[in-house]
Amino acid sequence: MNIKNYINGKFEDPIKGEYIDNYNPSIGEIYGQIPNSSKDDVEKAVEAAEKAFPSWSNTTLATRSKILSKIAELIKDKLEFLAAAESKDNGKPISLAKAVDIPRAAANFQFFANAITQFSSEAHESVGLNAMNFTLRQPLGVVGCISPWNLPLYLFTWKIAPAIASGNCVIAKPSEITPMTAFLLGEICNEAGLPKGVLNIIHGLGASTGQAIVEHPNIKAISFTGGTETGAHIARIAAPMFKKLSLELGGKNPNIIFADCDYEKMLETTVRSSFANQGQICLCGSRILVEEKIYEKFKTDFIKKVSELKVGNPSEETTNIGALVSKEHLEKVKSYIDIAEVENAKILFGGDRGTVKNCENGYYLQPTIIEVSDNNCRLNQEEIFGPVVTIMSFKTDEEALQLANDVKYGLSATLWTNNLNRTMQFSKQLHTGIVWVNTWMLRDLRTAFGGAKDSGVGREGGFEALRFFTEPKNICIQY
Ligand code: NAD
């Protein structure tokens, strides 16, 4: 199937007529083409967005809210179809796409359809000076949203929904590796009655299409989710242009397990937080730190549970672990397994390519557990972003905290304990944007979402996102 750009409500071929192959990772074969858009396509989209902006930014909140709710409803109606498309494009198990990716994409639109009706600005009375201030929160204009391949429609809509809810017009680029559901979203927006030009979806490579979005002088803000290096590169271009920037980047999240936790719940959740979506979720707990007292027991039980996971064709309902997203990514992840020996680490489980019947050329990898003895190794310091976790033991709270924080990333951390004092100490002292205690990936869309240190700048979610996509302007009136 050939994908087109979505500009001004219409589906268009790229102006220069250049395309990129789109792969089905479960069988390692090309199944379509996507536009390799140039600066000219971005320019055309920006013109359409600028034209749509005066009207859209003056559309009542009730109307915007209704259109966003309609988009949510249509995504829900097409759940099976979109989940199948997502699974084929990305390699993720169909069960995951049905339970998580597509429902969450609908929830993103529904959430911001509601949130915009509750968003308010502030007033400050300057007592004694006979003056009153009030702050307008105005949409920025045309904004850019750039998203990665791991949760394609989920993360794409997490940016687009607040951007348009708050009255902006958007130039959005999904990952060139997983463009399909973003393409299908265009049709849904037309069906929901989103005015033309409010959302424009441009496909293409990061270094050309993405870069053209970041460099465009009339695009006022960039909301980006992706790798830390790409984020730094984007910041170098956008910062001197004084664009607003929201950067959601990589992670190397600790999963800290104490002996006093609810063991069964922890074990089951840890299997998920390690390997859901083939470990390709920025929030996956890739460094498992276990209190020495239960280390050997945990190791045995964890290996047993992980060995029960079924690596298989993502389109089969019983598959737990599907294909990795691309051949390049599979090779990158494997290269980390290959350095285990050099790093004095021991592969406890997995490590090999998974073989899946009738999918011999797919990009499969067994879930892999590696025991490390030192946090200061590449396996524990670099983001692998695949079905690979490391485990190591600790003796004291101080040691656990030190290990957890001893990494350049700071996205999330998971803590397993029933000790209230410890919970509070860790919650305060972990250098991350998100801390989960006795749970993982429980998401309330009102909460601030984002990372510290090299995991990013700015926060998404709830009113944080609406604040990002609006400019506060203070009006001071003396009477
Ligand atoms: P990536 O940085 O390679 O690409 C992300 C997006 O940026 C893609 O659409 C890509 O085309 C585009 N891009 C690449 N170069 C660009 C440039 N020069 N200018 C503009 N756009 C450019 O990341 P990826 O490999 O697609 O995704 C995996 C990464 O995303 C991992 O590091 C993961 O941790 C991170 N991630 C973070 C979060 C979070 O919320 N913090 C969520 C999901 C994924």
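A: Let's start with Glu 248, where UniProt, in an unreviewed entry, places the feature "active site". UniProt positions use the numbering you see here, feature names are shortened, and annotations may be inferred rather than shown by experiment. Residues are numbered from 1 along each chain as its sequence is written. What you're looking at is a predicted model, where local features need pLDDT of at least 70, side-chain atom pairs count only at pLDDT 80 or more, and totals for chains, interfaces and linings use all residues.

A quick word on confidence, then. pLDDT is the predictor's confidence in each residue, from 0 to 100. The protein chain has a mean pLDDT of 98, with 100% of its residues at 70 or more. For the model, ipTM is 0.98 and pTM is 0.98.

Back to our residue. Glu 248 sits in strand E11, which covers residues 244–248. The labels come from DSSP runs numbered from the N terminus: helices are H or I with at least four residues, and strands are E with at least two. Is Glu 248 buried or exposed? It's buried, because 27 other C-beta atoms lie within 10 Å. The cut-offs are simple: 20 or more other C-beta atoms within 10 Å of a residue's own means buried, 12 or fewer means exposed, and in between is partly exposed, with C-beta atoms placed from the backbone.

So which residues does Glu 248 touch, once you skip its neighbours within four places in sequence? They are Thr 225, Gly 450, Gly 451, Gly 456 and Glu 460. "In contact" here means that two C-beta atoms, placed from the backbone, lie within 7 Å.

Now for the ligand. There are 31 residues around it, and the nearest are Pro 148, Gly 206, Gly 210, Gly 226 and Thr 230. Helix H7 (206–215) and helix H8 (228–238) are the elements that give two or more residues to this shell. A residue counts as being near a molecule or strand if its C-beta atom, placed from the backbone, lies within 6 Å of it. H7 provides the largest share of the shell, five residues. Sorted by class, the shell has eleven nonpolar, 16 polar and four charged residues. Ala, Val, Leu, Ile, Met, Phe, Trp, Tyr, Cys and Pro count as nonpolar, Asp, Glu, Lys and Arg as charged, and the others, Gly among them, as polar.

Where does the ligand lie relative to the domains? It lies between domain 1 (5–249 + 455–478) and domain 2 (254–437), because both give residues to its shell. Those bounds come from an automatic or database domain assignment. Taken over C-alpha atoms, the centres of domain 1 and domain 2 are 31 Å apart. Their contact uses 19 residues from domain 1 and 24 residues from domain 2. On the domain 1 side, helix H3 (79–90) and helix H4 (94–118) are the elements that give two or more residues. H4 has the largest share of that side, three residues. By class, that side holds nine nonpolar, nine polar and one charged residues.

Let's go back along the chain from Glu 248. Phe 242 lies in the loop between H8 and E11. It counts as exposed, because it has 8 C-beta neighbours inside 10 Å. Most residues other than glycine have a negative phi, and most peptide bonds are trans. Gln 278 also has a positive phi, about 60 degrees, although it is not a glycine. You'll find Gln 278 in the loop between helix H9 (263–275) and strand E13 (285–291). With 33 C-beta neighbours inside 10 Å, Gln 278 counts as buried.

Last, zoom out. UniProt lists residues 18–475 as "domain: Aldehyde dehydrogenase", in an unreviewed entry. That span is 42% helix and 22% strand, and its end C-alpha atoms lie 49 Å apart.
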